[in-house]
Structures are given as structure tokens and as C-alpha cells.
Amino acid sequence: MKFFVDTADIADIKELAATGLLDGVTTNPTLIAKSGRDVFEVLEEICAVVSGPVSAEVTATDAENMIEEGKRLSRIAKNIAIKVPLTLDGLKACRHFSDKGVMVNVTLCFSAAQAILAAKAGARFISPFVGRLDDIGQDGLGLIREICEIYRQYDAFKTEVLVASVRHPIHIVESARLGAHVATIPPKVIKQLFHHPLTDKGLEMFLRDWEKTGQKIA
Ligand code: E4P
């Protein structure tokens with residue numbers, strides 16, 4: 001499973017990239033606004049740190065202007081994935097870019113029917129939002145199960161399932177069990193993945209016992 005980080009905070013991206021565990025980045029208009037930075041400037045900086053796909057979202061709502069914005073965004077770097085919303089116009093723009101070999105991430109997916117459309121439009125990634133479905137009392141992981149199952153039936157569907165709107169480690173573990181290709185994860189949740197109290201306790205015990213030997217590995 002590939003790990004993308006869901007942020008436009010360059011300090012967090014650099015810290016996580018240094019672990020060697022980061023495969024890409026996703027941003028959206030909210031995350032860019034939160035960074036307080038110019039969209040082109042921050043995306044350029046992110047692409048210089050991470051060589052994997054970096055999603056940059058269009059803000060136009062009609063296909064023609066989405067394509068214009070997408071062209072501008074894709075000039076930033078080769079690893080930019082154009083992010084379009086799951087609307088009729090978004091999928092038109094998706095087809096345009098996919099035919100040109102440009103990666104497209106179709107976002108704001110909340111149903112299996114929408115995921116089928118995105119695969120047919122040649123999307124490189126489909127982003128089902130698990131957390132936002134859970135928030136309204138629906139089954140986010142159930143949607144991941146459904147999409148993975150459907151995509152497996154068709155060799156012609158090359159779209160990767162990118163689990164988005166992740167809220168906690170269980171979303172990651174369960175999505176991995178279902179065979180989702182990618183998860184885009186907030187920095188805080190990536191850090192949570194490392195922790196287990198028995199790891200901390202065990203390490204403390206090993207170090208205490210080691211100190212008693214007076215030895216050094218040198
Ligand atoms: C990523 O591509 C999505 O925009 C993001 O995961 C949405 O997450 P949220 O529901 O926490 O805003």
C-alpha cells in the first residue's frame with residue numbers, strides 16, 4: 001500500500017519524506033488555504049521534496065476552465081496529478097488529461113457508481129472520502145470494499161483506489177486488508193501508526209538490561 005500525506009505543510013512533508021515511507025502528497029483548496037501560501041509556490045516546493053504524485057486541485061467548475069487550470073498546474077512539475085471533482089465536467093476534464101498521459105486524481109467520491117465513472121474516464125486515482133461518510137453515519141470502509149471488489153472484475157480498469165478523508169489508523173489497516181492501493185493520510189495519523197505502548201515498554205526494558213552489561217556495540 002502506498003502512503004501519501006494529506007497536507008500542504010512543507011515542514012510536515014519534509015519530516016515524513018525523511019522516513020523514506022512517503023510515496024506522494026495530496027492537497028486540496030482547504031489545505032492550500034491553511035498553508036497561507038501561494039498555490040504555485042507551495043506546490044513547486046512540495047514537488048522538489050517528493051518525487052511521487054503530488055495532487056493539485058482545480059477550482060473551476062466547468063470542463064473548459066478546469067482544463068486550462070489543470071494545464072497551468074501540470075507545468076509546475078512532471079509529478080503533478082491534476083485533481084478534479086467527481087462531476088460531469090470533472091470527468092470530461094479527466095478524460096482530456098488521461099488521453100494526454102497526465103495523471104488525474106478524481107476527488108469527492110462518495111459512491112461506487114461514481115467510482116465506476118472515474119475508472120471509465122481513465123482516472124489514475126479515485127479518492128473515496130471514508131471519514132466524511134462515517135461523519136454522516138454511513139460506512140466509509142464499506143465503500144472502499146465495494147470499489148475494490150468492482151475494480152477487480154475488470155482488467156481494463158487501471159484506476160488506483162486512494163483512500164481519502166482518513167481519520168485514524170483503523171481506516172488504514174482495514175483499507176489495506178481490502179487491497180486499496182493508496183491511502184492519503186494526515187501527518188498526525190501517520191505518526192499514530194508508529195506507536196504501540198508495548199514497543200515503548202519493551203525498548204525501555206532492553207535498554208535498561210543492556211546498560212547493566214556495560215557493553216557498547218562499536
Ligand atoms: C484528499 O485528497 C482529500 O481532499 C482529503 O483527504 C479530505 O479530507 P477531510 O475530509 O479530512 O477534509
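This is a predicted model: local features need pLDDT of at least 70, side-chain atom pairs count only at pLDDT 80 or more; totals for chains, interfaces and linings use all residues.
Visitor: Which residues are around the ligand?
Guide: The residues around the ligand are D6, T26, N28, K83, F129, R132, A164, S165, R167 and T184.

Visitor: How does that shell divide into nonpolar, polar and charged?
Guide: Two residues of the shell are nonpolar, four are polar and four are charged.

Visitor: What is the distance from K83 to the ligand?
Guide: An N or O atom in the K83 side chain is 2.6 Å from a ligand oxygen.

Visitor: And R132, what distance there?
Guide: A polar atom of the R132 side chain lies 2.7 Å from an oxygen of the ligand.

Visitor: What about the side chain of S165?
Guide: The S165 side chain has an N or O atom 2.7 Å from a ligand oxygen.

Visitor: How much of the ligand's area does the protein bury?
Guide: The protein buries 84% of it. The ligand taken alone exposes 350 Å².

Visitor: Which pocket does the ligand sit in?
Guide: The ligand sits in the largest pocket.

Visitor: New topic. How many aromatic pairs does the structure hold?
Guide: There are four aromatic pairs. One of them joins Y154 and F157.

Visitor: What is the geometry of Y154 and F157?
Guide: The pair is tilted. The rings sit 5.1 Å apart, centre to centre, with 40° between the planes.

Visitor: Why tilted?
Guide: Stacked needs under 30 degrees and edge-to-face needs over 60, so the 40° of Y154 and F157 counts as tilted.

Visitor: Is F157 buried or exposed?
Guide: F157 counts as buried, because its relative accessibility is 19% and the cut-off is under 20%.

Visitor: And what about Y154?
Guide: Y154 is partly exposed, because its relative accessible area is 47% and exposed means over 50%.

Visitor: Which residues form the aromatic cluster with Y154 and F157?
Guide: Y151 does; Y151, Y154 and F157 form one aromatic cluster.

Note on methods. Residues are numbered from 1 along each chain as its sequence is written. Side-chain values use heavy atoms; hydrogens and water are left out. A residue is near a molecule or strand if one of its heavy atoms lies within 4 Å of it. A polar contact is a pair of N or O atoms within 3.5 Å; within protein, one must be able to donate a hydrogen and the other to accept it, and residues adjacent in sequence count only if both atoms are side-chain atoms. Accessible areas come from the Shrake-Rupley method with a 1.4 Å probe; for residues, only the protein chains shown count as cover. On a 1 Å grid over the protein atoms alone, a cavity is a set of points where a 1.4 Å probe fits but cannot get out, and a pocket is an open set with protein on both sides within 12 Å along at least five of seven lines; lining residues have an atom within 4 Å of a point. A molecule sits in a cavity or pocket if more than half of its atoms lie within 2 Å of its grid points. Ala, Val, Leu, Ile, Met, Phe, Trp, Tyr, Cys and Pro count as nonpolar, Asp, Glu, Lys and Arg as charged, and the others, Gly among them, as polar. Rings of Phe, Tyr and Trp (its six-membered ring) pair if their centres lie within 6.5 Å; planes under 30 degrees apart count as stacked, over 60 as edge-to-face and the rest as tilted. Buried means under 20% relative accessible area, exposed over 50%, partly exposed in between (1.4 Å probe, protein chains only).
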